[in-house]
Amino acid sequence: MNSLMQVLEGMARARTLVVGDVMLDRYWYGGVERISPEAPVPVVAVSRAEERPGGAANVAQNIAGLGATCLLLGLAGNDDAADSLARLLSAAGVGHRLLRDPLLNTTVKLRVVSRNQQLIRIDFETKATPDSCRGLVAACQAALSDVAAVIVSDYGKGGLNHVREIVSAGRKAGLPVIVDPKGDDYSPYQGATLITPNRKEFEQVAGRFQDEAQLERKAQDLIAELALQALLVTRSEEGMTLFERDGTRVHVPARAHEVYDVTGAGDTVIAMIGAALAVGASLIQAIHIANAAAGIVVGHLGAVAVPRAELAALLALEDRTT
Ligand SMILES: Nc1ncnc2c1ncn2[C@@H]1O[C@H](COP(=O)(O)OP(=O)(O)OP(=O)(O)O)[C@@H](O)[C@H]1O
Ligand SMILES: [Mg+2]
């Protein structure tokens with residue numbers, strides 16, 4: 001069996017498709033000198049702005065950051081946010097096709113930050129139209145012959161209205177399909193290879209669990225109900241637990257050194273698993289790499305691509321100790 005380091009090296013040759021809810025993360029930084037005369041709120045004098053790919057776009061930039069090939073498909077508006085996103089994605093080495101719907105606003109999350117403190121977050125979003133959702137399915141189908149794994153990043157923004165067809169097309173093409181789910185109805189993910197809810201998302205569909213035995217029962221029930229190959233519950237500071245259809249249960253404890261900002265950890269998890277499965281790694285190898293990578297990104301501010309060198313160093317260490 002290959003070492004984790006060998007798998008990581010192989011991941012540079014992965015060809016993947018990421019489809020889902022793309023977003024633009026905007027940050028406005030500035031100082032607060034006074035309170036507004038209009039309302040009891042601080043006035044921020046903006047001195048610096050930053051933009052980063054978010055949501056499915058962050059998943060894609062995590063894959064491209066490994067040197068791997070990634071095509072990103074998603075819906076966007078016909079606006080300057082979509083232009084920014086396209087520019088950022090190209091710069092990050094992500095192949096992208098943003099289907100632009102003039103009736104949509106590109107999803108933007110704007111944070112106003114002063115002295116390392118977020119003062120407010122302002123979200124811009126609109127629900128996708130049925131036509132553009134159809135377009136996304138067609139674009140996916142056209143891309144399947146070129147990739148070795150399909151990653152679905154659902155942030156519940158409505159772009160994945162036809163996710164059922166995307167999952168089944170990917171599986172019919174013989175590809176692993178990995179889904180980061182949202183909402184309280186997972187039936188459209190039926191037949192996926194793996195879904196990766198966080199603890200809260202899992203409890204929303206499966207109900208609360210009191211102990212590990214109950215978690216395992218609920219996980220196996222969901223696997224059976226949705227005909228999944230496996231289910232990964234990500235558990236923040238507790239790490240992550242993988243359940244496979246054959247009854248295998250593997251828990252990996254979290255391994256962050258310092259936790260600065262957990263934003264985007266889930267994106268990194270699904271990106272690493274997708275790229276690993278695309279080059280034939282086992283699910284267990286994939287989650288070890290994903291857990292190490294997530295432990296790194298929580299030490300960085302905002303949603304970022306995991307730095308490859310840092311990940312390589314961590315995996316080399318893990319290979320020596322296992
Ligand atoms: N506080 C933390 N301490 C250590 N590791 C963490 C922490 N939060 C997240 N991680 C790592 O990141 C992984 C995914 O985090 P989490 O379970 O919070 O997913 P998520 O809620 O989907 O994240 P996101 O904020 O991207 O939506 C965890 O399994 C763990 O490896
Ligand atoms: Mg998540």
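This is a predicted model: local features need pLDDT of at least 70, side-chain atom pairs count only at pLDDT 80 or more; totals for chains, interfaces and linings use all residues.
By class, how many nonpolar, polar and charged residues does the shell around ligand 1 have?

**Stop one: ligand 1.** Select ligand 1 and display the 21 residues that surround it. The closest are Asn198, Thr234, Ala265, Gly266 and Ala294. Two elements, α8 (265-278) and α9 (283-297), each give two or more residues to this shell. The greatest contribution comes from α8, with four residues. Coloured by class, the shell shows nine nonpolar, nine polar and three charged residues, which settles the opening question.

**Stop two: α2 against α8.** The crossing of α2 past α8 is right-handed. To view the contact, select Asn58, Val59, Asn62 and Ile63 in α2, which meet Asp267, Thr268, Ile270, Ala271, Gly274 and Ala275 in α8. These contact residues comprise five nonpolar, four polar and one charged.

**Stop three: α1 against α10.** Next, select helix α1, residues 4-11, together with helix α10, residues 308-321. The two axes come within 8 Å and cross at roughly 150°. Because angles over 145 degrees count as roughly antiparallel, α1 and α10 are described as roughly antiparallel to each other. On the α1 side, the contact is made by Leu4, Met5 and Leu8; on the α10 side, by Leu311, Ala312, Leu315, Ala316, Glu318 and Asp319. By class, this contact has seven nonpolar, no polar and two charged residues.

**Stop four: two loop residues.** Select Arg115, in the loop between β6 (108-114) and β7 (117-124). Although Arg115 is not a glycine, its phi is positive, at about 45°. Is Arg115 buried or exposed? Arg115 counts as exposed because it has 9 C-beta neighbours inside 10 Å, and the limit for an exposed residue is 12 or fewer.

Finally, select Ser236, in the loop between β11 (230-234) and β12 (240-244). Ser236 likewise has a positive phi of about 45° and is not a glycine. With 17 other C-beta atoms within 10 Å, Ser236 is partly exposed.

Notes
Residues are numbered from 1 along each chain as its sequence is written. Chains are lettered from A and ligands numbered from 1 in the order in which they are written. A residue is near a molecule or strand if its C-beta atom, placed from the backbone, lies within 6 Å of it. Ala, Val, Leu, Ile, Met, Phe, Trp, Tyr, Cys and Pro count as nonpolar, Asp, Glu, Lys and Arg as charged, and the others, Gly among them, as polar. A residue is buried if 20 or more other C-beta atoms lie within 10 Å of its own, exposed if 12 or fewer, and partly exposed in between; C-beta atoms are placed from the backbone. A crossing is left-handed if the near helix is turned anticlockwise from the far one by less than a right angle, and right-handed if clockwise. Two residues are in contact if their C-beta atoms, placed from the backbone, lie within 7 Å. Axes are lines fitted to C-alpha atoms, for helices over the stretch in contact, and angles run from 0 to 180 degrees between N-to-C directions. Angles under 35 degrees count as roughly parallel, over 145 as roughly antiparallel, 65 to 115 as roughly perpendicular and the rest as oblique.
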